[in-house]
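Subject: Structure handover

Hello,

Here is the structure I promised you. Please open it first, then read my notes below.

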Amino acid sequence: MDRHLQADADTDRTSEEIRREFLQFFEEKGHEVVPSASLVPEGDGPLLFTNAGMNQFKDVFLGTGQRPYSRAVDTQKCLRVSGKHNDLEEVGHDTYHHTFFEMLGNWGFGDYFKAEAIRWAWELLVERWGLAPDRLYATVHEGDDDLGLDADTDAYDLWLRETPISEEQVLYEPSKENFWMMGDTGPCGPCSEVHVDLRPEELREETSGLELVNADHPMVMEIWNLVFIQYNAQTDGSLEPLEDQHVDTGMGFERIVAVLQGREATYDTDLFAPLLQAACDLSPRSEVHGYDDLAIENEEERERVRIALRVVADHIRAIAFAISDGVMPGNTGRGYVIRRILRRAVRYGYQTLGLDEPFLHRLVEPLTEKMGGQFDGLVEQKDYIQQAIRSEEESFLQTLGTGIDFFERVVPYVDDLSGKEGEATDEALSTLQQDSRAMDLLEKAYVDADDEAEIVRSFASAAREGAVPGQVAFLLHDTYGFPIDLTQLMARERGLSVDMDDYEELMERQQRRARAASSFEVDQSDVHAWQSVTEGDDASVFVGYDHDVVEDAEVRAVRVVERDDEKQYEIELSHTPFYAEAGGQVGDTGTLRVGNEEVSVLDTQYEGERIAHRVHDLPDALNAPVEAVVDRGRRRRIRVHHTATHLMHAALRETLGDHVQQKGSLVAPDRLRFDFSHFDAVDEETLRHLERQVNDAIQRNISKQEERAVPIDEALDRGAMALFDEQYGDEVRVVTFDPDYSMELCGGTHVDATGAIGFFRFVSEGSVASGVRRVEAVAGEAALEHVERKLDELGRARRQFRSLQTPLPQAIADLQEERATLEERVDQLRHQQLADQLDTVITENRTDVNGVTIVTGRIDRASMDDLQELGQQLRDKLGDGAVGVLGSQDEEDGKVSVVATVADDLIAEDALQAGDLVGTLGERLGGGGGGRPQLAAAGGRDTEKLDDVLSGVPTLVRDRLE
């Protein structure tokens, strides 16, 4: 049993269950479960990333916004890597810092306050989750003379009154720990923290946990902060009471999971286990079997590997969630932060885990499996996230190894010179000068030095201070793409620093050169008009059939565009490998590299004859040469789907007939869609036949035959297929996969041979218009992923059955038959219960009026059909001279129903009719009704009047008889 949990506590909770229990607990307390806000704060000034749960409710606290609810609960995505809460340097080197984390929180907006927040905190932690009460401590604000505040005795007394906690477990703490402020001004208030002591009993006996609260002890930690927002800080430092008091609580999800799962570190929980194991599985190092299964005898090396695994597991979460919220790795702002995190992870994987190929993107799958249930953005954008990460990895890995070699060759001489003087310095410098490889590298760093002697003097000046020279750090950044904090980390691992003064001077000098190089300034106010940058009258030239990279393109023109209230830009290049969307094939994405800048291409479209590359930001140096790099992985998947579309088109015409004509298409990296003329639905058997045809063509590995600039008449005479409504020039491109099978006029990109497709599978078939059918399909990697998902679904479905021997179709049929039988039995029982209630009504609610027997009663939760059936039964049982009225209330729709019956002899005497009775009863219930003289029904909405209406039936009958 975990020592900090009670004997009856559930120690097998998964992180998913813990998160769900927190949200459900407060939902039971009347809180609205709200989704997490984006990691990108909305309108929050200089704040780069959401770093606390309160960010999305800041406007409520400031009094500038409202919500349709007064209580809320959520789990908020947070990222802390920059500014006040910079955890990046510590991540991996200890077992509790993280970049990305979840913050569980509950909120009261002018609703409940301290008493409820404290009582509910204890109820959840102790009564629901089973934490041992004697291991919990609560802190409250001790007061602050500078703020003019007395001690928060309210919170102190409430802890003792609302919970069983002892007085020895509640302590006062200063403002540093227990007073929260949004900023220098604005909403603020005291807080009460809950701490837990996880130490073994023998250590607790030696030292009271009370002494270790807020003492940075790793086993005596804060788990929940309850903030009571009750003041408004003024510019003069004074505090004014708020009209509305709010509650704002925050509980670190990773930390509480570790506590409830009995783990000493967050990395030991099930939140990180799948990621750590996946990273181990990817590592080619034979001794790396698992995070806790490392066949490494050297303790220092074993810890190096564990640090690297922690870094990778932490960083993939930050990277994937940031990209899912629209932050792409880049050179500025948020994008640069994510690039730093990604390159830090890649470097650890490369140097320590032996991962010299892209690997981070392969961790998106286990991450999505673990967290996609709560954060559907991971699931919806999984492919996009993987592609973005892989592209960034590929780019960095091209220079990482060389950069590390440079660092490892030069920096040992910094070690040798650190703290040295006199002869020791001369000896170290002599060794350096004899190392021709090191000197060659330093020449690249010290480009402004006049000779070797000046290089050595400058290098030694920084090295004697234990610092990697700024010139070395700048070269690593400028040539090898090392973010400065990565170089600082590598230096710190050797006990060294980096000369930031020289580094920053070189960075500023480079930026000045870039600004001077670009004399062109974009007119930001001129929206949608092209602005010429360099001369050139020719249209953009597409070279992507032969190249996916060009290194010497020029920026011809740019323009500012506005899309969905967001300012973006489009760039036209002299020539480009980027395919602009056409013929159903989506536009390419990738990267434009201009000097040291990288600009992500979001899409490529034709704008007249221009090929427009859409980007978020323009490079500084628009006059500089451009290296245009297509996202190769995405292009490869698009090629697969485009060729598969041609093969499928040929199979459709062969199987369904020559009347099949393409009416529309989409060729994307993850799927294809194809609309074609055909009136009848394509049945499942035909779809399977078509699949076999396409896959047969794939297995034949038919080579692509591509012909450019073919006269259109010649192409058509040879049998090339053209789209009916497509406009073609005098010369066309013909793409053929076996002249007897598929020959089409096409401008898209294709595989070199059909075998590269791998596998083809239909996903759906349906109608989009009269005489037009639509099929969707997947090919290549997307098809394999589709089949794997289907097999996984099938496996999960199969495991739901008790016997694994019965074929699944038979098991499902048996289950359906069993369900039908049970439903019939339930219906029989329900009717029997209604009949029993009717007998009770007849026995207990019978009266006589002028010789007429009257029976009335309620039979709730009976449908109108049930009530009419019961009315007929009542009429049969009462016989002559009787009137019956039954009522029922439907709790779901808030309506009431009544049914009335009248015996035939009373109708014959023309004294009473059921339709007349229910008409009056229905009006009294706020509705109406009618029916036959023998039996009639009515309905209404005034549920509270039902009993009075039923009790008034005898009087109504008496009035009718008189």
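The largest cavity has a volume of about 70 Å³. (A cavity is a set of points on a 1 Å grid over the protein atoms alone where a 1.4 Å probe fits but cannot get out; points are joined across faces, edges and corners, and the volume is the space filled by probe spheres set on them.) Before going on: this is a predicted model, in which local features need pLDDT of at least 70 and side-chain atom pairs count only at pLDDT 80 or more, while totals for chains, interfaces and linings use all residues. Residues are numbered from 1 along each chain as its sequence is written, and side-chain values use heavy atoms, with hydrogens and water left out.

Back to the cavities. The search of the whole structure finds 3 of 30 Å³ or more. What lines the largest cavity? Its lining residues (those with an atom within 4 Å of a point) are Leu-88, Glu-89, Arg-344, Asp-485, Leu-486, Gln-488, Leu-489 and Arg-492. Helix H18 (residues 484-492) gives the largest share, 5 residues. By class, the lining has 3 nonpolar, 1 polar and 4 charged residues. (Ala, Val, Leu, Ile, Met, Phe, Trp, Tyr, Cys and Pro count as nonpolar, Asp, Glu, Lys and Arg as charged, the others, Gly among them, as polar.)

Next, the strands. Helices (H or I, at least four residues) and strands (E, at least two) are DSSP runs, numbered from the N terminus. Strands pair if DSSP finds at least two bridges between them.

Strand S2 (residues 71-79) is largely enclosed by the rest of the structure, because 9 of its 9 residues are buried (under 20% relative accessible area with a 1.4 Å probe, protein chains only). Both of its faces are covered. S2 runs parallel to strand S1 (residues 32-33), with 2 bridges. There, Val-33 partners Val-73. With strand S3 (residues 100-109), S2 runs antiparallel over 9 bridges.

S4 pairs with strand S7 (residues 186-197) in the antiparallel sense over 4 bridges. Tyr-137 has His-195 as its bridge partner in S7. S4 also pairs with strand S5 (residues 170-173), in the parallel sense, over 4 bridges. Ala-138 stands opposite Val-170 there.

Best wishes

Methods:
On a 1 Å grid over the protein atoms alone, a cavity is a set of points where a 1.4 Å probe fits but cannot get out, and a pocket is an open set with protein on both sides within 12 Å along at least five of seven lines; lining residues have an atom within 4 Å of a point. Buried means under 20% relative accessible area, exposed over 50%, partly exposed in between (1.4 Å probe, protein chains only).
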